[in-house]
Amino acid sequence: MIKCIAIDMDGTLLNNKMEISPLNQQAMKAAQTQGIEVVIATGRAYREAADMLKEADLSCPIISMNGTEVRRADGELIAGLSLDKKIASNIIDILDDEHIYTEVHTNQGGFTVDPKKRIRVIIDVYQQMNVEAKESEIRAMANERLKKGYTTIVDNFHALFQREEIQLFKMISFSKDRQKLKSIQKKLHSTKEIIVTSSGKFNMEITDRNGQKGIALKKFTDVLGIDLNETMAIGDNYNDQSMLKIVGRSVAMENGEQGIKKICTHTTCTNEEDGVAKAIDEVLQEQGAL
């Protein structure tokens with residue numbers, strides 16, 4: 001019997017307009033009504049993920065920034081895991097040498113040194129996900145995210161890392177050159193204290209070695225007294241791999257990476273076809289709740 005459901009956001013719960021569909025919303029609430037613990041497991045920062053849930057009238061615990069931060073549904077911090085700042089500074093030097101756009105996410109929110117390039121990156125990524133998306137609409141959305149304070153502009157990442165109050169949770173780099181991303185990953189491979197993964201074809205995410213969704217989900221279910229065999233995870237990309245490998249029921253999105261589909265026990269529809277709702281409904285039907 002499934003007692004916990006962990007759900008990725010981008011490419012999974014969210015459609016290509018970055019919205020939670022009514023059917024996905026209804027399915028999540030139906031699961032909660034049956035006493036199933038529904039938890040979001042995302043690469044996004046907590047505040048941004050929480051705001052998106054609130055807009056859909058949903059309330060869930062959130063594993064954010066690939067497992068480096070875990071919060072209850074009311075926002076209370078359960079666990080946090082920061083990246084060593086000296087290691088982060090060395091990584092920034094490597095990324096700067098490669099002229100690759102990078103953001104850092106901290107306990108004080110996200111930071112960028114180049115807001116214009118950030119907007120260009122968001123436009124490129126969203127248009128890759130949805131070829132029909134209009135650049136003007138994506139640009140407006142990107143500017144709105146800056147206005148909401150999800151990302152702050154700084155002059156220098158090294159100076160940011162010197163601030164005592166800053167805890168660094170995740171670094172994310174973007175490039176349309178996938179070979180370049182793979183080349184940088186190889187350069188970073190010797191840094192044993194970190195893990196490098198991705199949530200999309202054109203990004204690379206860096207966290208502490210233990211900053212993984214699977215590790216965070218294990219801690220979360222342990223607190224609740226739920227066995228991982230009683231847990232379902234739904235995802236689409238390689239930053240979901242660690243949680244998909246350890247649960248009793250793993251569900252890949254049809255739009256997910258082939259490598260992710262191969263390791264999962266089940267496959268559902270795409271994120272444009274309410275795949276999360278379908279996966280949840282199947283479980284509820286099997287458990288006699290529908």
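Four bridges join strand 1 (residues 4–7) to strand 2, and the two strands run parallel. This pairing belongs to a predicted model, in which the secondary structure of the chain comes to 12 helices and 14 strands. The radius of gyration of the chain is 18 Å, close to the 19 Å that the globule rule gives for 290 residues, so the chain is as compact as a globular protein of that length.

**The chain as a whole**

- Along its principal axes, the C-alpha trace of the chain spans about 55 × 40 × 35 Å, and 54% of the 290 residues count as buried.
- When contacts between residues at least 6 apart in sequence are considered, 60% of them join residues that are at least 24 apart.
- The chain exposes about 13500 Å², and carbon and sulfur atoms supply 46% of that area.
- There are 38 positive and 43 negative side chains in the chain, and the centres of these two sets lie 3 Å apart.

- Strand 2, which covers residues 37–41, has four of its five residues buried, so it is largely enclosed by the rest of the structure.
- Within the pairing of strand 1 with strand 2, the bridge partner of Cys4 is Glu37 in strand 2.
- Strand 2 also pairs with strand 3 (residues 62–64), in the parallel sense and over two bridges, and here Ala41 stands opposite Ile63 of strand 3.
- Strand 2 therefore has parallel pairings both with strand 1 and with strand 3, while four of its five residues are buried, so that it is largely enclosed.

**Helix 3 and the residue after it**

- Helix 3 spans residues 46–55, and its buried residues are Tyr46, Glu48, Ala49, Ala50, Met52 and Leu53.
- Asp57, which comes just after helix 3, takes a positive phi of about 60 degrees.

**Leu168 and its surroundings**

- Leu168 has its place in strand 9 (residues 168–174), where it is buried with a relative accessible area of 0%.
- Apart from its neighbours within four places in sequence, Leu168 is in contact with Leu81, Ser82, Leu83, Ala88, Val104, His105, Thr106 and Phe161.
- Leu290 lies 122 residues from Leu168 in sequence, and the C-alpha to C-alpha separation of the two in space is 43 Å.

Methods:
Residues are numbered from 1 along each chain as its sequence is written. This is a predicted model: local features need pLDDT of at least 70, side-chain atom pairs count only at pLDDT 80 or more; totals for chains, interfaces and linings use all residues. Side-chain values use heavy atoms; hydrogens and water are left out. The radius of gyration is taken over C-alpha atoms; the globule rule is 2.2 Å times the number of residues to the power 0.38. Buried means under 20% relative accessible area, exposed over 50%, partly exposed in between (1.4 Å probe, protein chains only). Contact means heavy atoms within 4.5 Å. Accessible areas come from the Shrake-Rupley method with a 1.4 Å probe; for residues, only the protein chains shown count as cover. Lys and Arg count as positive and Asp and Glu as negative; His and the chain ends are not counted. The place of a charge is taken as NZ of Lys, CZ of Arg, CG of Asp or CD of Glu. Two strands pair if DSSP finds at least two bridges between them.
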